[in-house]
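Have a look at the sequence and the 3D view first, then read on.

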Amino acid sequence: QVHLVESGGGLVQPGGSLRLSCAASGSFFRIYAMGWYRQAPGKQRDLVAAITSGGSTNYADSMKGRFTIDRDDAENTVYLQMNSLKPEDTAVYYCHAIIRPTAWSTRDDYWGQGTQVTVSS
């Protein structure tokens, strides 16, 4: 059983920073790409940033220059450093990972439970 556990959300003032963490736990063979999505009330879930197993990154346009994604493969963890936060960044942030549970299984998509980020004065 594979679980993604997020932490680091909370309330922050505009212009502030937060660092989200997501750790994969349980038994699995290999983790491929990892990333973060977010969903604001009444809106669809959108990509924030992603990072491949090789370290290549991809960001949504509105996050470029403000957010940084990185990963620690020794800890099976992906991070999202969020700077210069704006009220429109308020959303539930979800961790995502593509994981192969066993050597003989296919890759599957896994999601965390979500962590609330609220940017408000």
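Which two residues form a disulfide, and how far apart are their sulfur atoms? That would be Cys22 and Cys95, with their sulfur atoms 2.0 Å apart. Before digging in, keep in mind that this is a predicted model, where local features need pLDDT of at least 70, side-chain atom pairs count only at pLDDT 80 or more, and totals for chains, interfaces and linings use all residues. Residues are numbered from 1 along each chain as its sequence is written, and side-chain values use heavy atoms, with hydrogens and water left out.

**The disulfide**

- The structure has one disulfide, a term that here means a pair of cysteine sulfur atoms within 2.5 Å.
- Look along the S-S bond and you'll find an angle of -80 degrees, which makes the link of Cys22 and Cys95 left-handed.
- This pair connects distant parts of the chain, as Cys22 sits in strand β3 and Cys95 in strand β9, 73 residues apart. (Strands are DSSP runs of E with at least two residues, numbered from the N terminus.)
- Cys22 is buried at a relative accessible area of 0%, and Cys95 is buried with a value of 0% too. (Buried means under 20% relative accessible area, exposed over 50%, and partly exposed in between, using a 1.4 Å probe and protein chains only.)

**Salt bridges**

- Side chains of opposite charge can pair when their charged atoms come close.
- Going by the rule that a side-chain nitrogen of Lys or Arg lies within 4 Å of a carboxyl oxygen of Asp or Glu, the count comes to five salt bridges.
- One of them joins the side chains of Arg19 and Asp70, at 3.7 Å from N to O. Arg19 belongs to strand β3 (residues 18-26) and Asp70 to strand β7 (residues 67-72), so the pair ties together parts that are 51 residues apart in sequence.
- Another salt bridge brings Asp89 and Arg66 together, their closest N and O atoms being 2.8 Å apart. Here too distant parts of the chain are linked, with Asp89 in the loop between β8 (77-82) and β9 (91-100), and Arg66 in the loop between β6 (57-59) and β7, 23 residues apart.
- Asp89 is buried, at a relative accessible area of 1%, and Arg66 is buried as well, at 11%.
- Arg71 and Asp73 form a salt bridge too, with 2.8 Å between the closest N and O atoms. Arg71 counts as buried at 16% relative accessibility, whereas Asp73 is partly exposed at 44%.
- Salt bridges with shared partners join Arg38, Arg66 and Asp89 into one network.

**Strand β11 and its neighbours**

- Strand β2 (residues 10-12) runs parallel to β11, and three bridges join them. (Two strands pair if DSSP finds at least two bridges between them.) Gly10 stands opposite Val117 in β11.
- β9 also pairs with β11, this time in the antiparallel sense, over three bridges. Tyr93 has Thr115 as its bridge partner in β11.

Technical notes: Helices (H or I, at least four residues) and strands (E, at least two) are DSSP runs, numbered from the N terminus.
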